[in-house]
Amino acid sequence: MNANTKEATAVAAPWDRTEFEAQLRAKGAGYHIHHPFNVKMTNGELTHEQIRGWVANRFYYQIIIPQKDGAIISNCDDRETRRKWVLRILDHDGWEDNEGGIEAWTALGKAVGISREDLWSLKFVVPGVRFAVDAYLNFARRSPWQEAVCSSLTEMFAPKIHKDRLANWPQHYPWIETTGLQYFRSRISLAERDVEHGLAVTLDHFTTRVQQDRALDILQLKLDILWSMLDAIDKAYP
Ligand SMILES: O=C(O)c1cc(C(=O)O)c2c(n1)C(=O)C(=O)c1cc(C(=O)O)[nH]c1-2
C-alpha cells in the first residue's frame with residue numbers, strides 16, 4: 001500500500017441521504033429552544049420587561065433575514081433555486097396586500113407594549129445581538145450560496161418553537177393580546193416549505209464526507225448565532 005492509497009482509505013465514506021439528514025436533524029439538540037432564556041419563556045417565567053427586550057432584539061433578526069436571502073440570491077447562478085428562494089424575501093417584506101412578517105412582528109411588538117417607532121428605531125438592540133445577526137448576514141454574503149442555504153436549516157427546528165409559544169403564551173402571559181401571536185402562526189407552514197427546499201439543496205450539494213462534515217459545521221455556526229443572541233438578551237434583561 002503506497003502513501004496515497006493509505007490517505008484515500010483514511011477518508012470516511014459519505015453518509016447516504018437518509019443518514020446525512022439524520023445527522024443534520026440531530027443538531028437540534030443544540031437549538032436555542034433549549035437555551036435557559038427560552039426555557040424560562042416557555043415556562044411563563046419571564047417578566048414583561050424581559051419579553052419586551054426579547055421582542056425588540058429579535059426584531060433585528062427579522063429585518064436582516066430578507067437582506068440575507070437577497071445575498072443568497074445575488075450569489076446564486078441557478079434559476080430554479082432563485083425562483084423558490086425569492087419567496088422568502090416576500091414572506092418577510094410582504095407584497096401588495098400581504099403585509100409580511102416584519103409587519104406581523106411589529107404587531108407583536110405592539111401587543112407587548114412597544115410602539116412601532118421605538119421598535120423600528122432599533123434603540124433596544126444590544127451589541128451582542130447586532131454582532132450575531134450581522135455575522136449571519138456576512139456569512140451569507142461571503143459564502144458559496146449552497147453553504148448559505150445550509151445555514152438556514154435551523155428552520156428545521158423552528159416549527160416546534162413557534163408552536164410552543166402559541167400553546168403557552170396565552171396561558172402564561174395573558175397581558176399579551178393574542179392577535180400579536182399571528183407571526184408565530186404564519187411561520188409554521190412557511191418554515192416547513194423552506195426546510196423542504198433548503199434540505200433538498202443541502203442533500204444534493206454536500207455529497208462527500210468532507211463536505212457533509214462541513215455542512216454540520218455550518219449548521220453549528222448558525223446554532224451558535226441563535227444561542228449567542230439569547231445569551232446577549234439574557235444578560236441585558238436579568
Ligand atoms: O423564532 C425562532 O426561534 C426562529 C428561528 C429561526 C431559525 O431557526 O433560524 C427562524 C425564525 N424564527 C423565523 O421566524 C424565520 O423567519 C427564520 C428564517 C430563518 C433563516 O435562517 O432564513 N430562520 C428563521
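How many aromatic pairs does the count come to? The count comes to twelve aromatic pairs. Here rings of Phe, Tyr and Trp (its six-membered ring) pair if their centres lie within 6.5 Å; planes under 30 degrees apart are stacked, over 60 edge-to-face, and the rest tilted. Trp15 and Phe20 make a stacked pair, with 6.5 Å centre to centre and 20° between the planes. Tyr183 and Phe184 pair edge-to-face, at 6.2 Å and 80°.

This is a predicted model, where local features need pLDDT of at least 70, side-chain atom pairs count only at pLDDT 80 or more, and totals for chains, interfaces and linings use all residues. Residues are numbered from 1 along each chain as its sequence is written, and side-chain values use heavy atoms, with hydrogens and water left out.

Burial comes next. Buried means under 20% relative accessible area, exposed over 50%, and partly exposed in between (1.4 Å probe, protein chains only). Trp15 and Phe20 are both buried. Tyr183 counts as buried because its relative accessibility is 3%. Phe184 is buried at 0%. Tyr183 and Phe184 also belong to one aromatic cluster with Trp54, Trp105, Trp169 and Tyr173.

The charged end of Arg209 sits over the Trp15 ring, 3.9 Å from its centre. That label requires NZ of Lys or CZ of Arg within 6 Å of the ring centre and within 35 degrees of the ring normal. Arg130 sits over the ring of Tyr60 in this way, 5.0 Å from the centre.

Now the voids. A cavity is a set of points on a 1 Å grid over the protein atoms alone where a 1.4 Å probe fits but cannot get out; lining residues have an atom within 4 Å of a point. Points are joined across faces, edges and corners, and a volume is the space filled by probe spheres set on them. The structure holds two cavities of 30 Å³ or more. Of its 24 lining residues, Tyr61, Ile65, Glu155, Ala158 and Arg187 are closest to the centre. Helix 4 gives the most to this lining, six residues. Helices are DSSP runs (H or I, at least four residues), numbered from the N terminus.

The second largest cavity has about 40 Å³ of space. Its lining is His32, Trp54, Arg58, Leu226, Met229, Leu230 and Ile233. Helix 12 supplies the largest share, four residues.

How values were computed
On a 1 Å grid over the protein atoms alone, a cavity is a set of points where a 1.4 Å probe fits but cannot get out, and a pocket is an open set with protein on both sides within 12 Å along at least five of seven lines; lining residues have an atom within 4 Å of a point. Helices (H or I, at least four residues) and strands (E, at least two) are DSSP runs, numbered from the N terminus.
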